[in-house]
Amino acid sequence: MKIYTRTGDAGDTGLFGGGRVPKDHVRVAAYGTVDELNASVGWALTVVSDATIRGRLARVQHDLFALGSLLATAPPVKGRPEPKGLPTLPEARIAEMESWMDEADTRLPALRAFILPGGSPGAAALHVARTVCRRAERAVVTLASPEAVDGPVDERVDRRVVAYLNRLSDLLFTFARLENDATGDGDVEWRKE
């Protein structure tokens, strides 16, 4: 199988389950940003020192691939069969991420100031992933809005995808704080100058 297909040379792309949309379509922006998030998490995996965080980020990467494939699936169309083999939404991970954050809160000093992105290389990479996660969340919310162009609201986006990304952003922030704590760098607090 060749990596290039030439089918997108005119500026459109195929969706899982059929249909084509322009490459600047809100659906493509949503799953493309989730893909970018997955790449950011993958980069963070290479620089984070804490093995527990790395193991949890690896699970998140698999989740993000599943989320991206769900977002890249065409909305149901009468007479078109639903695609087979799609992954399920990793909604149980939302509660698991909350437990990871609760666990981290027992080890971290209380937040008393705004935190700037930075500190150790691993924490900085996690902050980059966090900001990409927020952008992915915004793109998915746009896709889910009534103004989006393809189908009724409830058929475009499972709202649990938004909840997953919202929780993941919080987790990435917490992991950045944990990484700074583990490396001895500490959080970089914002100072009003």
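User: What's the secondary structure count for the protein chain?

Analyst: The chain has 6 helices and 4 strands. This is a predicted model, so treat every value here as computed from it.

User: In what order do the elements run from the N terminus?

Analyst: They go β-β-α-α-α-β-α-α-α-β.

User: How big is the box around the C-alpha atoms?

Analyst: Roughly 60 × 35 × 35 Å, along the principal axes.

User: And what share of the residues is buried?

Analyst: Of the 193 residues in the chain, 43% are buried.

User: How much of the contact set comes from residues 24 or more positions apart?

Analyst: Those pairs make up 71% of the contacts with a separation of 6 or more.

User: Which residues sit nearest its centre?

Analyst: Phe16, Tyr31, Asp35, Gly68 and Ala72.

User: How does the lining split by class?

Analyst: There are 7 nonpolar, 6 polar and 1 charged residues.

User: Switching to threonine 73. Where is it found?

Analyst: Threonine 73 is in the loop between helix H2 (51–71) and helix H3 (92–105).

User: Buried or exposed?

Analyst: Buried, because its relative accessibility is 10% and the cut-off for buried is under 20%.

User: What does the side chain of threonine 73 reach?

Analyst: The backbone oxygen of serine 69, at 2.7 Å.

User: Which residues does threonine 73 touch, leaving out those up to four places away in sequence?

Analyst: Phe16, Arg27, Pro83 and Leu86.

User: Now charges. How many salt bridges does the structure hold?

Analyst: It holds 12. Side chains of opposite charge can pair when their charged atoms come close.

User: Which side chain meets glutamate 137 in a salt bridge?

Analyst: That of arginine 134, at 2.7 Å from N to O.

User: How accessible are the two partners?

Analyst: Glutamate 137 is buried, with a relative accessible area of 13%. Arginine 134 is partly exposed at 26%.

User: What does aspartate 170 form with arginine 134?

Analyst: A salt bridge, with the closest N and O atoms 3.3 Å apart. This pair links distant parts of the chain: aspartate 170 is in helix H6 (residues 159–183), arginine 134 is in helix H4, and they are 36 residues apart. Aspartate 170 is partly exposed, with a relative accessible area of 30%.

User: And glutamate 193, which side chain does it meet in a salt bridge?

Analyst: Arginine 191, at 3.4 Å from N to O.

User: Are glutamate 193 and arginine 191 buried or exposed?

Analyst: Glutamate 193 is exposed, with a relative accessible area of 84%. Arginine 191 also counts as exposed, at 59%.

User: Last one. Which residues are linked in a network of salt bridges?

Analyst: Arg59, Asp63, Arg93 and Glu96 form one such network.

Terms used
Residues numbered from 1 in each chain as written. Predicted model: local features only at pLDDT ≥ 70, side-chain atom pairs only at ≥ 80, totals over all residues. Heavy atoms only, no water. Helix = DSSP H or I, 4+ residues; strand = E, 2+ residues; numbered from the N terminus. Buried < 20%, exposed > 50% of the residue type's maximum accessible area, 1.4 Å probe, protein only. Polar contact = N/O pair within 3.5 Å; in protein donor to acceptor, adjacent residues only side chain to side chain. Contact = heavy atoms within 4.5 Å. 1 Å grid on protein atoms, 1.4 Å probe; cavity = no way out; pocket = protein on both sides within 12 Å on 5 of 7 lines; lining within 4 Å. Nonpolar A, V, L, I, M, F, W, Y, C, P; charged D, E, K, R; others polar. Salt bridge = Lys/Arg side-chain N within 4 Å of Asp/Glu carboxyl O.
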